[in-house]
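I opened this entry to record what I looked up, going from the whole chain down to single residues.

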Amino acid sequence: MRGRQNRKVDSALSTVVGHKIIKSDNIIYFQNQLKEMESSIQDLEEGLESLSRHLIKARVSLLDIFWN
């Protein structure tokens, strides 16, 4: 899904760069795509933080088992 969004942003960027006259609807479309991508990145960061916390808890549990 994120790959598809990246392709959409790339496509929007190509469209904007390819036109000598940048139309306002292209800019709005591009801005919306960037907002979606930013939201996806934030979701990914939150997921990674959660994963990191779970890995730390698992490590602590394993160390407790090992040392007891």
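I began with the surface: the protein chain exposes about 5900 Å², and carbon and sulfur atoms supply 60% of that area. The model is predicted. I then looked up burial and found that 12% of the 68 residues of the protein chain count as buried.

Next I took the secondary structure. The protein chain has 2 helices and 0 strands. I turned to helix α2, which covers residues 24-67. I checked its length: with 44 residues at 1.5 Å a residue, α2 should span 64 Å, and its end C-alpha atoms are 64 Å apart, so the two values agree. I also noted which residues of α2 are buried, and Asn 26, Phe 30, Gln 33 and Ser 40 are among them.

Leu 44, Leu 48, Leu 51 and Leu 55 make one of about 380 Å². I looked up Leu 55 separately; its place is in α2.

Last, I searched for aromatic pairs and the structure holds 1. The ring centres of Phe 66 and Trp 67 are 4.9 Å apart and the planes stand at 80°, so I logged the pair as edge-to-face. The cut-off I used for that label is over 60 degrees between the planes. I checked the accessibility of both partners as well: Phe 66 and Trp 67 are both exposed.

Terms used. Residues numbered from 1 in each chain as written. Predicted model: local features only at pLDDT ≥ 70, side-chain atom pairs only at ≥ 80, totals over all residues. Heavy atoms only, no water. Patch = residues over 30% accessible without salt bridge, like charges linked within 9 Å, V, L, I, M, F, W, Y side chains within 5 Å. Areas by Shrake-Rupley, 256 points an atom, 1.4 Å probe, with all protein chains shown as cover. Salt bridge = Lys/Arg side-chain N within 4 Å of Asp/Glu carboxyl O. Helix = DSSP H or I, 4+ residues; strand = E, 2+ residues; numbered from the N terminus. Expected span 1.5 Å × (residues − 1). Buried < 20%, exposed > 50% of the residue type's maximum accessible area, 1.4 Å probe, protein only. Phe/Tyr/Trp six-rings, centres within 6.5 Å; stacked < 30°, edge-to-face > 60°.
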